[in-house]
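I wanted to look up how charged side chains pair up in this protein, and where like charges gather instead. These are my notes, entry by entry.

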Amino acid sequence: MFNKILIANRGEIACRVIKTARKMGIGTVAIYSDADKNALHVEMADEAVHIGPPPANQSYIVIDKVMAAIKQSGAQAVHPGYGFLSENAKFAEALEDAGVEFVGPPKRAIEAMGDKITSKKLAQEAGVSTVPGYMGLIEDADEAVKISNEIGYPVMIKASAGGGGKGMRIAWNDEEAREGFQSSKNEAANSFGDDRIFIEKFVTQPRHIEIQVLCDKHGNGIYLGERECSIQRRNQKVVEEAPSPFLDEATRKAMGEQAVALAKAVGYASAGTVEFIVDGEKNFYFLEMNTRLQVEHPVTELITGVDLVEQMIRVAAGEKLAITQDDVKLTGWAIENRLYAEDPYRNFLPSIGRLTRYRPPEEVAAGPMLANGKWQGEAPEGETAVRNDTGVYEGGEISMYYDPMIAKLCTWGPDRASAIEAMRVALDSFEVEGIGHNLPFVAAVMDHPKFVSGDMTTAFIAEEYPDGFEGVELPENQLRRVAAAAAAMYRVAEIRRTRVSGRMDNHERKVGKHWVVSLQGRQFPVKVKADKQGSTVRFEDGSKLRVASDWTPGSRLARISIDGAPLVLKVDKITSGYRLRTRGADLKVNVRTPRQAELAALMPEKQAPDTSKLLLCPMPGLIVKVNVEVGDEVQEGQALCTVEAMKMENILRAERKGVVSKINAGAGDSLAVDDVIMEFE
């Protein structure tokens, strides 16, 4: 076994590998750019080596710099994580030449399956059903448009060396094919150092289901069930679960056996994933093989009890698999939500800055995969687990140079319903401040009827949120629960205030029982009757809710019981009430006396400033291109400029017809959120 491993990556996956290496008694070496000198993975590793400036193409994906770090540290093996150099055959070859083990598949397998074009050709030759497409390289945008027309719209434009949604676009017409080709090419070059592009038919209404395979260097191979990854945005997975709510055992077995056969055909050795699209009749088609660890691997670990990183290291060290196919048992259900530094209220555009508050929910071990990573057999009845894989900390910076993922929050339960409920509570308990993030959105998904029923496709987000995410409107029963909690909390705060003021000895007489709670455009007159165990909140219609909590004024998180059912609230004090966040909703909640409520109803609402004639920068980023000039007449939907942030290019379009009167920024300019890019007459 190795004594020292270098992790050729950063962020949460580097931290994840370090945890398993530490458990195995293996020393670890981190690499870091200027932007990551204070990163969590650097702090966690036993050693750290600086490799260059912030951009990945000047640091993390420069093979010579990584090789120099390996030589300097004396590491015997390298785990590449995912992204960066994880599927780079030249890197695997360089390691082989240097006598350093690659914790991944052989170079020939990476070349055969890591390249999306080659893998499709090999799959076709092996008799595997594949999606129609053009497997050759595409030279320019004109050729991309021609090929797209031959295949038939819609088409998927993809980077050959791509992954993680980078270098990928869907085009529905010639204009989108032309724009998508150039953006995909640029993103591919920046993210992978390889700008080759191919095009395939985009299959509508598919489910994205992938099989986890594990092979050793002795010809043994197994599959560890499947993961459903259909909840995607911009072709990037957001929610994953294992197993899939759609597959039956026969389809699972057929997909698994086909995946293993494909892996063995290319001499695969390590953990890998074979991705399929599956239609409504459970017909499945090979999509691609990822010759690396997947972002969503924790859900497989949670239902199988197998530490995939440990298995990768053992395979790289030449050990035989200690697990046979008969040993693989799927226990319970696991769900992963990816927490991204993306603002859902700004069309999920990247957000950067300092994490002024970062408090994940407490991790809880249960089920087959406990904290020590050892197989535990049957799942304990009624228990749930919480796992959070992260690479950040409170006070740390979210950089514009890298992928916007902050953490992967996972829950496990004996069944799907319990795993979903555990996730709801965990999301409500997750405190993140200082940046825009997608916690409200994934919380909304967990409550969406289509997700709860398991009836979703890769078009879920586009179909259910066609105009973007605008927040959550809580149903009546949830509003009443929040209103009751707010009234009880406000009463406790008022009692404390009168005690501190010292104005009256008998504070109970000072604080009234009648309140009016206003939230989400509704008003709930209530009467609060308190005792030592909690409060009973009575509504105008005579209904009652029992509220119990140990919340104290000033606490940012409130764990409350409403008639015995849990309610978790993120709490910020505002005038005459609170800002409360729960289940994806962001609520301004006012708690007033009846007289105060009467007067508040007479106050005019503050009007937002008119920005309809301005193009504002929606996120911190770099202007790549300006498509118009002063005096140009633009049409609705016309591309105005391109802003790059976190390795993604974002095309900003005109919302309505107009004439450009002023341009304030040009290519190469770095802008902050809401900086004015251009103005219109």
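I looked up Asp-531 and found it partly exposed at 39% relative accessibility, where partly exposed lies between buried (under 20% relative accessible area) and exposed (over 50%), with a 1.4 Å probe and protein chains only. I was working on a predicted model, in which local features need pLDDT of at least 70, side-chain atom pairs count only at pLDDT 80 or more, and totals for chains, interfaces and linings use all residues. Residues are numbered from 1 along each chain as its sequence is written, and side-chain values use heavy atoms, with hydrogens and water left out.

I then noted that Asp-531 forms a salt bridge with Arg-546 (2.7 Å, N to O), the term meaning a side-chain nitrogen of Lys or Arg within 4 Å of a carboxyl oxygen of Asp or Glu. Arg-546 is in strand S27 (residues 544–549) and Asp-531 in strand S25 (residues 522–531), so the bridge ties together parts 15 residues apart in sequence; strands here are DSSP runs (E, at least two residues) and helices are runs of H or I, at least four residues, numbered from the N terminus. Arg-546 is partly exposed as well, at 26%.

Next I checked Glu-210 and Lys-237, whose side chains meet in a salt bridge (2.9 Å, N to O). Glu-210 is buried at 0% relative accessible area, and Lys-237 is buried at 10%.

Last, I recorded the salt bridge between Arg-314 and Glu-310 (3.0 Å, N to O), which sit 4 residues apart in helix H11 (residues 308–316), about one helical turn. I counted 56 salt bridges by this rule.
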